[in-house]
Amino acid sequence: AKPPVIGIRRSKYVINPETSTPLKYWDIITTCSLLFVCVFTPFEVAFHTKLLTIDDVKRGGSVLFWGNRAVDVVFCIDMVLQFFVMYPVRGRYNRTFVPDHSLIIKRYVRSWFAVDL
């Protein structure tokens with residue numbers, strides 16, 4: 001067992017990005033989602049001129065429509081996940097990860113949350 005760090009509360013719900021294997025797989029999923037957006041969004045804007053109607057969705061929509069919804073779900077899950085991922089802090093001689101859940105939330109809300117939203 002590691003000795004506790006004085007003054008910092010460690011939550012059992014935080015995720016260490018250096019040791020979490022599922023987070024590494026999640027990063028691959030989000031990277032693929034970003035690549036999907038980078039490739040297909042310009043295509044959609046340039047060539048997809050027909051507006052999607054409710055009737056189109058009721059008939060099943062298109063592959064592009066459902067691909068975009070899947071990417072939306074990935075990004076929403078990722079936003080929630082970011083409230084639990086520890087962030088690095090550089091010390092004088094090394095880098096440590098902040099395990100305090102309230103500090104993780106504050107940092108995310110003050111930094112990338114507005115951009116992600």
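Start with the strands. This is a predicted model, and in it strand β1, residues 87-90, is joined to strand β2, residues 95-98, by four bridges. The two strands run antiparallel. Between β1 and β2 lie four residues, and the strands form a hairpin.

How many does the structure hold? There are two. One is made by the side chains of Arg-95 and Glu-18, with an N to O distance of 2.3 Å. That pair links distant parts of the chain: Arg-95 sits in strand β2, Glu-18 in the segment before α1, and they are 77 residues apart. Is Glu-18 buried, exposed or partly exposed? Its relative accessibility is 46%, so Glu-18 counts as partly exposed. Arg-95 also falls into the partly exposed class, because its relative accessibility is 40%.

The other salt bridge is between Asp-72 and Arg-69, where the closest N and O atoms are 3.0 Å apart. Here both residues belong to helix α3, and because they are three residues apart, about one helical turn separates them. Asp-72 has 36% relative accessibility and therefore counts as partly exposed. Arg-69 is partly exposed too, with a relative accessible area of 32%.

Next, helix α4, residues 101-110. Which of its residues are buried? They are His-101, Ile-104 and Tyr-108. Around the helix axis these residues cover an arc of only 55 degrees, so they lie on the same side of α4. And what covers them? The cover includes α3 (63-81), the strands β1 and β2, and α5 (113-116).

Last item, the surface. Val-39, Phe-40, Phe-43 and Phe-47 form a nonpolar patch there, and together they have about 410 Å² of accessible area. Take Phe-43 as one of them: its place is in helix α1, which spans residues 21-47. Phe-43 has a relative accessibility of 40%, which means that it counts as partly exposed.

That is what I have on this model. I can go back to any part of it.

How values were computed
Residues numbered from 1 in each chain as written. Predicted model: local features only at pLDDT ≥ 70, side-chain atom pairs only at ≥ 80, totals over all residues. Heavy atoms only, no water. Patch = residues over 30% accessible without salt bridge, like charges linked within 9 Å, V, L, I, M, F, W, Y side chains within 5 Å. Areas by Shrake-Rupley, 256 points an atom, 1.4 Å probe, with all protein chains shown as cover. Salt bridge = Lys/Arg side-chain N within 4 Å of Asp/Glu carboxyl O. Buried < 20%, exposed > 50% of the residue type's maximum accessible area, 1.4 Å probe, protein only. Pairing = 2+ DSSP bridges. Arc of directions from axis to C-beta. Contact = heavy atoms within 4.5 Å.
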